[in-house]
Amino acid sequence: MSLIINPNETQSNENAAQLPAQNTQFAFDNSKEQNIIPNDTDVRVRKRAPKGASSISSRIGATHPLIAAKNAANIPYSLAAKRAGLPVNSHGMPKINNPSDSRAFDSKLSKIKNVSKKLSYNSIYRYSQKDNGCSFENAESSCAIYALATAISIRDKSLVTPDRILLDSSIGGQSIIWNVHGAYKVDCSEPETFLAIDAQLLLGNPVLIHANGYSSSGEIREHWATVIGKQNGRYTIIDPWDGKEHNLDEMQIYKNNGNVIGYVIVSNKY
């Protein structure tokens with residue numbers, strides 16, 4: 001049976017539970033759970049709202065009660081614990097009580113990091129911002145929407161267009177409410193992002209990757225792409241700019257002194 005995080009929850013790794021180091025041979029214990037508050041385009045982990053303050057974004061519309069945060073960023077560790085036969089705490093972090101538990105956990109986490117897999121999919125799920133077969137006024141700045149449409153299509157094995165993604169978000173402008181689409185956005189560093197991607201690929205799920213860097217003209221830009229594989233330590237993406245497969249290090253923004261600044265998963269099952 002798959003463990004499932006509440007679909008209304010999505011988190012930033014800024015306030016994630018402390019992550020275990022390799023070969024750590026003691027029990028992990030996390031502090032009190034925090035609460036999350038939806039904002040305009042995604043939902044991030046935040047402290048409880050002050051008394052008298054509005055805790056819900058009016059742009060969401062529906063009443064979203066404050067809910068306890070189970071951290072999507074911890075899924076790789078939850079998956080390793082599950083495969084090692086270890087219990088987890090309320091944040092999904094492993095409960096390691098002895099050296100044997102630590103070795104078992106480290107072994108499963110290593111297998112996640114060394115995943116070698118490429119997802120199969122129908123090529124009609126690839127979208128190109130340059131072609132702009134959708135009704136966007138400014139497709140050139142809509143890479144996240146195009147990348148998410150590709151990822152959701154691969155996940156559901158059914159064609160989902162960028163127009164559909166934008167319509168389902170139900171807000172003005174070309175913004176995304178990620179959890180409307182069963183997605184979870186996490187802002188974090190490169191090592192944590194790549195570990196999360198490894199776990200999702202092992203589970204058979206595409207992942208969105210978020211990077212910043214410099215365009216060919218030297219301007220600071222951000223870009224999104226859909227990760228669909230990892231082979232020989234190199235990640236394969238579908239770049240929404242041209243709708244084609246590339247290695248991640250070929251992405252224009254990333255290869256020009258770029259950095260990975262986060263990711264979005266489209267499934268919380270592990």
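This is a predicted model: local features need pLDDT of at least 70, side-chain atom pairs count only at pLDDT 80 or more; totals for chains, interfaces and linings use all residues.

Reader: Why does the span of helix α3 agree with its 14 residues?

Author: Helices are DSSP runs of H or I, at least four residues, numbered from the N terminus. The expected span is 1.5 Å times one less than the number of residues. For α3 (residues 143-156) that should be 20 Å, and its end C-alpha atoms are 20 Å apart, so the two agree.

Reader: What makes α3 mostly covered?

Author: Buried means under 20% relative accessible area (exposed is over 50%, partly exposed in between; 1.4 Å probe, protein chains only). In α3, 12 of the 14 residues are buried, including Ile145, Leu148 and Ile152.

Reader: What makes a set of residues a nonpolar core?

Author: They're buried Ala, Val, Leu, Ile, Met, Phe, Trp, Tyr and Cys residues joined through side-chain atoms within 4.5 Å. The largest one here has 38 residues, with Phe105 and Tyr263 among those with the most contacts inside it. Helix α5 (residues 190-202) gives the largest share, six residues. A second, separate core of 20 residues includes Tyr127, Ile145, Ala151 and Val264.

Reader: How do you know what class of residues lines the largest pocket?

Author: Asp, Glu, Lys and Arg count as charged, Ala, Val, Leu, Ile, Met, Phe, Trp, Tyr, Cys and Pro as nonpolar, and the others, Gly among them, as polar. By that count, the lining has five nonpolar, eight polar and seven charged residues.

Key
Residues are numbered from 1 along each chain as its sequence is written. Side-chain values use heavy atoms; hydrogens and water are left out. Helices (H or I, at least four residues) and strands (E, at least two) are DSSP runs, numbered from the N terminus.
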